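Dear colleague,

I am handing over the structure below. My notes on what was found in it follow.

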Amino acid sequence: MSGLSHVDGEGRARMVDVSAKADTTRIAVAAGELRTTAEVVALVRADDLPKADVLSTARIAGIAGAKKTSELIPLCHQLALSSVKVEFGFTDTAITIEATAKTKGPTGVEMEALTAVAVAGLTLHDMVKAVDPAAELTGVRLLTKEGGKHGHWQRPEREHEHSASPATESAVAEADQSAGDARSAVVLVASTGAAAGTRVDTTGPVLTEWLAGLGFSVRGPLVYADAEIAVGLADALRFAPSLVISTGGTGASPTDATPEATLAALDRELPGVAEAIRQRGTAKFPLAALSRGVAGLAGRTVVVNLPGSPGGVKDGIAVLEPLLDHLLAQVAGGGNHDDN
């Protein structure tokens, strides 16, 4: 019994004493799905249900649920949450839910993120039950967590989870299809100001538009603060896209952590790609040599760091565009031409 944190040596429930733990930034991401009918999904997307503002109501409920977690789960600590985000997506027969909770303190926010998903999902159920009383909330699970002595944790992929829900099946199918046609991409932005809403990101949309013009199915831009870029990268890699391009966080500032987070996720580096981007920038702007961006492979996903400036992104596009088709073909197992 002693291996369970909420059970003492005599098998009795207890609240864990966290007073000796250091305060660190804690982030948790959880997800779930409401399985329903194609009719309900269409009605929710069109905001055409008898109970209006379905997603807005569920989002507010999820945030409120996260804030009430310690009242709902008896052994949870009261936390000063600094942020709770609840987002929704759609498959043919499901509404997907994702919640991100953040705090700075001695204990994690996993339960807050999970509670946000559960309460948002139950609210969705309440809103759609007149049309589909058989709707089912399922697949509530923790995806990632960050902070504390154990640092970053990401949910391991398990075969049985691929059939756990329509949303998961759709995501995996999309990833598999994308791997075959080499046309799925994620744009990731490291910017503390953009994440806080105090500045407008001008680099992510440029990359998204460029990739879409090349025929990629693009997710993002995903915007994360510099200190949370490892969580953002895990988010970007979650469905194994063909390509992840990040922008920002590559300089020499103490808060610039994108290269370190990327190196921790890579299986192999592509140093020539990163160096070509630096050289192109340095030819016009000598300070571009200060960029520490890296490139490489995380599984079969190509990951490339670009500087967080419009000029740096423009240089990256110029270098990457003639390389991408051949590079992605190689990673997918083909395109083995002479690479001298």
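**Cavity**

A search of the whole structure finds one cavity of 30 Å³ or more (on a 1 Å grid over the protein atoms alone, a set of points where a 1.4 Å probe fits but cannot get out; lining residues have an atom within 4 Å of a point). This is a predicted model: local features need pLDDT of at least 70 and side-chain atom pairs pLDDT 80 or more, while totals for chains, interfaces and linings use all residues. Residues are numbered from 1 along each chain as its sequence is written, and side-chain values use heavy atoms, without hydrogens or water.

The volume of the largest cavity is about 30 Å³, taken as the space filled by probe spheres set on the points, which are joined across faces, edges and corners. Its lining consists of Val-29, Glu-98, Thr-100, Thr-144, Tyr-224, Val-231, Ala-234, Asp-235 and Arg-238. Strand S3 (94-105) and helix H8 (229-237) are the elements that give two or more residues to this lining; H8 gives the most, with three. Helices (H or I, at least four residues) and strands (E, at least two) are DSSP runs, numbered from the N terminus.

**Sheet**

Six strands form an open sheet in the order S7-S6-S8-S11-S10-S9, with mixed pairing; a pair requires at least two DSSP bridges between the strands. The edge strands, S7 (217-224) and S9 (268-269), each pair on one side only. S6 (residues 184-190) and S8 (residues 243-247) pair in the parallel sense over five bridges, and Val-186 stands opposite Val-244 in S8.

Regards

Note on methods:
On a 1 Å grid over the protein atoms alone, a cavity is a set of points where a 1.4 Å probe fits but cannot get out, and a pocket is an open set with protein on both sides within 12 Å along at least five of seven lines; lining residues have an atom within 4 Å of a point.
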